[in-house]
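Subject: Handover of a structure and notes on it

Dear colleague,

Please find the structure below, together with its sequence. I would ask you to keep both open while reading the notes that come after.

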Amino acid sequence: MAALDRALGGALNLATGGLSGSVLGMFDARGRVLGLGRDAWRGLGERLGRSDGRVERARVLEAAHTVIVVLAFFDALEKVGLPFSREEVELTRREQFIVASGGPPSEDDFTGGAAHVDAPRPAPHLPYEAHVTELRGWYEHLASRMLDFLQGLAVWERLDEVARGEAAHTVRTTVPRLAVQEYEALYARLVLEAPEFGLWAGRVEHQATRAELRRALVGLETLLTASAALRRPPADVAGALSRAHRSALDHRILDAQEAPEGIQMPSLAEAYLDPDFRVRAVDGQGSPADEEWWRDAPVRQDLTEYLAGALTSEGLTAAPLLVLGQPGAGKSVLVRILAARLPSAGFLPVRVALRDVRADDEIQDQIEQAIREATGERATWPDLVRSAGAAVPVVLLDGFDELLQTTGVHQNDFLVRVARFQEREAEQGRPVLAVVTSRTAVADRARCPQGTVALRLDPFRREQIQLWIEQWNLTNAMNFQAMGLPPLTWDAVAPHRALAGQPLLLTMLALYQAAGNDLHGEDERPLDEADLYEALLGSFARREVRKDVRVPDHEVEPRVEEELERLSLVAFAMMNRQRQWVSTAELDEDLAALTGRAPTRASGLRAPLGRAEVALGRFFFVQRAQSIRDGRTLSSYEFLHATFGEYLAVRLAVRLLSGLLDHRPVLSMGSEPLNDDLMFALLSFAPLSSRQMLRFARARVERLPRAEREALARLVVRAMGERELRAEQPYATYLPRQLRVSSRHGIYGANLVVLALLLTGRTTVSALFPSSPNWATVWHRHVLLWRSSLDEVQWTDLALSLSVRRVRHGHERDIEVAVRQGELEFPEQVDAHWLFRVPREEGPTLWHRTYWHEIWHKMDVSAGTNDGVALQALRPLFESLGPLVTTFNGGGTRPATSAAHDLLRLWLDGAELPAEEVVELHKRVGASFLVLSSSEEVTWRLVPLLIGLLDRDLPRLSPEQSLVVIERLLDTAPVGFEDQVLDHIKIHHSRLYSKIAHSVDGS
């Protein structure tokens, strides 16, 4: 109590007349704990007003919260009424500490305030209900400790067993429940005294309706100023930093040169809308990079209130807040606005663009570099903090993903280093809040220190998009009128929600229309995806080319195509490395390998990309990440939306495919091989079978004339046949990743098949592989090659993109193949006639293969996940009824199926099938006995199963149908089983047996 008294500036001591440091009777009238709490409470507001700065205020608030947590428990303990008087129990302050903290105190504990009591505290990232649940558990643990203490007193020994049991139950169950109620009542009063408590528990009213959508964190400054204690404005470098950050609100969302002539860009304060978000603690279970990890985190719309709570709690002084989002989601803009909105009365924001500081430097050195960049002044970090007085520093580290992309795993401990920096600063009496931004996809490559909280920005909702459009139209109303342009509308943007949900891509759509383009295609219908991407990318490339006044009009379109092809090579550089970004050095190597341009070197460093790098840098839908290391600027490129890269890769693939039409064989040399070298180089590292790429590829192919598609389909088939027989590796130095030669051939073959199917719509294996003698076998072998060449995700995408149907051409087996459209459905029934080339007879056909045990063994040897799943599910069937798997019944027009299939269908679906089909299945399963004569063990297992199914099915069959089923079973059952079957029917179906006997004249 003395420690809490000191934390509250003597309020407790004054309230108790100096008794807080002496022995307190827990039930003594002079020292009632709740009375102490209420009296101390009255001094809290005054104490907060006297606190010197944000840090001391936070400590006082933490101490006040700990006080009410402990007081609520002891108040509940007093109210329940125990079977002994108040005078019989008293707690010294040492004993109070042992009960509240779980152990004996040291001297430091009595001078260190209330922080040593391990009571749960509310946190802005946790729902208040979750905090109360945790607190209830803590109270239950505290009650258990209190019970242990009471049971060691003499007064406990004087109680009888009944009284002890009632007292123990009261302490264990009633006290924690009442303590929570007392706590919530006290906490509600805390919220009135200090606004931070409302922010921590999410008790600040905010209704995010369309009319109240927040712009640029408006209201954050008001919330934080209300709880600030600093009275003098910052001076010197701190003041210069504050002015620099505030000026960002007036900056335009894009540079003027990015906008079409005559179009005005809104300012950040006007255009930035507070996004929805999700937030949760990084607990080591799963990764913030995975969508599944975020599934249980609710979507929130109170970003201003959350940030105010996070910045006034102590959580961010121990580990950084990790802000995640997709490219173009507005992470960097959020940091700029946050720095501008933090009130100088209490906070010292320092924004560090990690792309502009030396990557290998210590955190402090990076901060000092950023200070000089923002203010033009040199200042050491300690000097800056001293110049800010009692304001708490907030370090905003923007672009952690850029460090990862440009330096690899070298920076994967960056967040840990930030936490160590915070720990050092706290030890020096300079607590620091830290915020780090990163792209979501690379979050799994970072080591997160304990206590890290992750916040993910969500895409815009419809209401946010509409409000952004309103501001865009308002900013350019006069410009649109003067230029004769229509305003941007929701109806035009709505079909492109995947893009419009990201603020920067929404800006791209707006700029596209402002340049005189239309987001609608012919007949006022929205552009489809491929048309939109072609129009968007072409429009921006064309605008960049026209900026060079030296380019004559007739060269504009060829230069545009050149720009798009270069961007397509960037897309392939990413896709073939199986990631969404590529470094400048890697792109330089790719272009050198594909164009024959040897990269030059100067001082041991690769020369820049020159014109290519300039072209990439000027497209704002290509994000350039950079960092500075050893005096070098390391760069990498990434498309703001992954689908840009997918479209560009498909675009170049289809252009290269069309280039096969230029092949002119030299007659004197016979059949000259097709030159598909560049196609092989680019299309042999990654498949084109993701769902989005298939949509783009289909759209691009369908724009080709029909005759051209037919000619290209024939050339693709020819290319497949020729490439399989060629051992050389064209463009041998183009190696975006190490891959087996066989895998490259497998991936290339799969991509050619996909292209052939898009060209034809549907084809057959005999058309794809005309030189192979056995089309069913050659398809199986190629599929196995593709499967071995791809990882599981790629193989799944490829398999799900195809549909097959087994057909016959006379006596020859064939397979129809198509690109699947629509929802995934069960494949059609496999006909064993087709599998085993068994001729179809008019009557029933029964055959058996003896290698059923080899099937499960080969599945086991493959050790594949899918084979393993199937083997595990089917193991009981193989063990008990293995021969039924390779026993087949066919004939007539129906497909031939195995006895195992018929038995499972009869067992699982028989109750719902028509009676006629049930009869047929019983007959087919019964026929399998004809080939099981040598397997008595299988027969012993099968007969009881069939008898059980008869018990279920006979009551719903007519006597005539029942007779057919029984006769087939009696005819086929091995010797010794007929009587067993017949006796069972006589006993359990006597009425049916009687009817059958009379209807067939006793036979």
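The structure is a predicted model, in which local features need pLDDT of at least 70 and side-chain atom pairs count only at pLDDT 80 or more, while totals for chains, interfaces and linings use all residues. Residues are numbered from 1 along each chain as its sequence is written, and side-chain values use heavy atoms, with hydrogens and water left out.

**Confidence**

The predictor's confidence in each residue is given as pLDDT, from 0 to 100. For the protein chain the mean pLDDT is 82, and 84% of the residues reach 70 or more. Residues 1-38 stay under 50 in pLDDT, and the model has 69 contacts for them beyond four places in sequence; a contact means heavy atoms within 4.5 Å. Residues 105-115 also have a pLDDT below 50, with 20 contacts in the model beyond near neighbours in sequence. Where pLDDT is low, the predicted coordinates should not be read in detail.

**Parallel strands**

Helices (H or I, at least four residues) and strands (E, at least two) are DSSP runs, numbered from the N terminus. Two strands pair if DSSP finds at least two bridges between them. A residue is buried under 20% relative accessible area, exposed over 50%, and partly exposed in between, with a 1.4 Å probe and protein chains only.

Strand β5 (residues 433-439) is mostly covered, with seven of its seven residues buried. In a regular strand the side chains alternate between the two faces of the sheet. In β5 both faces are covered: Leu433, Val435, Thr437 and Arg439 are buried on one side, and Ala434, Val436 and Ser438 on the other.

Strand β2 (residues 321-325) pairs with β5 in the parallel sense over five bridges, and Leu324 stands opposite Ser438 in β5. Strand β4 also pairs with β5 in the parallel sense, over four bridges, and Val436 in β5 is the bridge partner of Leu397. Strand β3 (residues 347-353) pairs with β4 (residues 392-398) in the parallel sense over seven bridges. There, Pro349 stands opposite Val394 in β4. Six of the seven residues of β3 are buried.

**An antiparallel sheet and its helix**

An open sheet of three strands has the order β12-β14-β13, with antiparallel pairing. Its edge strands, β12 (762-764) and β13 (802-809), each pair on one side only. Neighbouring strands of this sheet are turned by 25° against each other on average, direction ignored. Axes here are lines fitted to C-alpha atoms, for helices over the stretch in contact, and angles run from 0 to 180 degrees between N-to-C directions. Eight bridges join β13 to β14 (residues 812-819), and Arg805 has Glu816 in β14 as its bridge partner.

Helix α36 (residues 792-801) packs on the sheet, touching β13 and β14, and its direction makes about 50° with that of β13. Which residues of α36 are buried? They are Gln794, Trp795, Leu798 and Ser801. These residues cover an arc of only 130° around the axis, so they lie on the same side of α36; the arc is that of the directions from the helix axis to the C-beta atoms. Their cover includes α31 (691-702), α33, α35 (775-789), β13, β14 and α39 (865-885).

**Salt bridges**

Side chains of opposite charge can pair when their charged atoms come close. A salt bridge is a side-chain nitrogen of Lys or Arg within 4 Å of a carboxyl oxygen of Asp or Glu. By this rule the count comes to 53 salt bridges.

Glu562 and Arg566 meet in one of them, at 3.2 Å from N to O. Both lie in helix α26 (residues 556-575), four residues apart, about one turn of the helix. Glu562 counts as partly exposed because its relative accessibility is 29%, whereas Arg566, at 15%, counts as buried.

Asp677 and Arg726 also meet in a salt bridge, at 3.2 Å from N to O. This pair links distant parts of the chain: Asp677 is in helix α30 (residues 677-683), and Arg726 is in the loop between α32 (706-724) and α33 (741-760), 49 residues apart.

Finally, a network of salt bridges links Glu534, Glu561, Glu565, Arg651, Arg655 and Arg700.

Yours sincerely
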